[in-house]
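Reader: I'd like to go through this one with you. Could you show me how to read its features one at a time?

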Amino acid sequence: MSVYKISDIISCEFLKIPKSMFADEKYRSLSSDAKLTYALLYDRLSLSKLNGWINEKEEVYLIYTREEISEDLGITYKKAISAFKELLAAGL
């Protein structure tokens, strides 16, 4: 059994996945890849906001390619494309 110290917990970074991804019928059918892609995109959006990548309409820009998503999630490029398509179809 592993024992965790408070310093271990504080130093960890986490991705956020909205509970609605699991509770809302509109999103429940999304694949795990799509849900994780959403979490990565949302995290990158926060970074873009911090960097001031905001236009005059207050739209935040982010750059996260399908290649990067596939590498970060350990999935194929085709699965990354599919995850983006799922998110678009769900209105995300």
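Reader: Let's start with a location: where does E58 lie?
Author: This is a predicted model, so keep that in mind throughout. E58 sits in the loop between α4 (32-50) and α5. Its phi is positive, about 65°, although E58 is not a glycine.

Reader: Is E58 buried or exposed?
Author: The cut-off for exposed is over 50% relative accessible area. E58 has 68% relative accessibility, so it counts as exposed.

Reader: And which residues form the nonpolar patch on the surface?
Author: That patch is made by W53, Y61 and I63, and together they have about 350 Å² of accessible area. Y61 is placed in the loop between α4 and α5. With a relative accessible area of 48%, Y61 is partly exposed.

Reader: What about charge: which residues form the negative surface patch?
Author: E67, E68, E71 and D72 make up that one. Take E67 as the example: it belongs to helix α5, residues 66-73. Because its relative accessibility is 47%, E67 counts as partly exposed.

Methods: Residues numbered from 1 in each chain as written. Predicted model: local features only at pLDDT ≥ 70, side-chain atom pairs only at ≥ 80, totals over all residues. Heavy atoms only, no water. Patch = residues over 30% accessible without salt bridge, like charges linked within 9 Å, V, L, I, M, F, W, Y side chains within 5 Å. Areas by Shrake-Rupley, 256 points an atom, 1.4 Å probe, with all protein chains shown as cover. Salt bridge = Lys/Arg side-chain N within 4 Å of Asp/Glu carboxyl O. Lys, Arg positive; Asp, Glu negative; His and termini not counted. Charge placed at Lys NZ, Arg CZ, Asp CG, Glu CD. Helix = DSSP H or I, 4+ residues; strand = E, 2+ residues; numbered from the N terminus. Buried < 20%, exposed > 50% of the residue type's maximum accessible area, 1.4 Å probe, protein only.
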